[in-house]
Amino acid sequence: MAAAAGGGAAPFVWKTYRMVEDPGTDGVIGWGKGNNSFVVADPFVFSQTLLPAHFKHNNFSSFVRQLNTYGFRKVDPDRWEFAHASFLRGQTHLLRNIHQGGTTLNELLPENYHEGGTTLDELLLLENGVQTSQDEVPPGTCCI
């Protein structure tokens, strides 16, 4: 994975963050109410203007598939709103935690995360605890 100006974040993630953060694109793509998700308000304009300006295509479906490979999930079935535990407004240092494939912290999010459920700090503590527990397993011991 190539590092980008986003402090080690994947280029796709960093470019997406810049589009969401840019106040000039708010009519097309912008932050959700809680600043912990983003909304593509106009997929047609997004595909025709922003996608080709930042990526080598203008295919909205490809963009959504790429979001899925990085662990983003659709928040609202009635609109194009996406969230990831490490994609938060003003928290660019967390972008490096977003990776393609594999189990991500975002996959551990409870369904009610965006409704005021478990906090990101609690999830990070859980993830760190899991890592510590894995580190403490003696060599040659099988785990489930």
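## Exercises on a predicted model

This model is predicted.

**Exercise 1.** With which residues is Phe87 in contact, leaving aside its neighbours within four places in sequence?

*Solution.* Start at Phe87 and skip the neighbours within four places in sequence. The contacts of Phe87 are then Val13, Thr16, Tyr17, Val20, Trp31, Asn36, Phe38, Phe72, Leu95 and Ile98.

**Exercise 2.** Which residues have the most contacts inside the largest nonpolar core, and which element gives the most to this core?

*Solution.* Step one: the largest nonpolar core holds 27 residues. Step two: Phe38, Phe46, Phe63 and Phe87 have the most contacts inside this core. Step three: two or more residues come from each of α1, β1, β2, α2 and α3. Step four: α1 gives the most, with six residues.

**Exercise 3.** Which residues of α1 are buried, and what covers them?

*Solution.* First, the buried residues of α1 are Phe12, Val13, Trp14, Thr16, Tyr17, Met19 and Val20. Next, their cover includes β1 (29-31), β2 (38-40), α2 and α3 (60-69).

**Exercise 4.** How do helices α1 and α2 pack?

*Solution.* Take the angle between the axes of α1 (residues 11-21) and α2 (residues 43-54): about 130°. Angles of 65 to 115 degrees count as roughly perpendicular, and those over 145 as roughly antiparallel. The two helices are therefore oblique to each other. Their axes lie 11 Å apart. The crossing of α1 and α2 is right-handed. Now find the contact: α1 brings Lys15, Arg18 and Met19, while α2 brings Phe46, Leu50 and His54. Sort these by class: three are nonpolar, one is polar and two are charged.

Note on methods: Residues are numbered from 1 along each chain as its sequence is written. This is a predicted model: local features need pLDDT of at least 70, side-chain atom pairs count only at pLDDT 80 or more; totals for chains, interfaces and linings use all residues. Side-chain values use heavy atoms; hydrogens and water are left out. Axes are lines fitted to C-alpha atoms, for helices over the stretch in contact, and angles run from 0 to 180 degrees between N-to-C directions. Helices (H or I, at least four residues) and strands (E, at least two) are DSSP runs, numbered from the N terminus. Angles under 35 degrees count as roughly parallel, over 145 as roughly antiparallel, 65 to 115 as roughly perpendicular and the rest as oblique. A crossing is left-handed if the near helix is turned anticlockwise from the far one by less than a right angle, and right-handed if clockwise. Contact means heavy atoms within 4.5 Å. Ala, Val, Leu, Ile, Met, Phe, Trp, Tyr, Cys and Pro count as nonpolar, Asp, Glu, Lys and Arg as charged, and the others, Gly among them, as polar. Buried means under 20% relative accessible area, exposed over 50%, partly exposed in between (1.4 Å probe, protein chains only). A nonpolar core is a set of buried Ala, Val, Leu, Ile, Met, Phe, Trp, Tyr and Cys residues joined through side-chain atoms within 4.5 Å.
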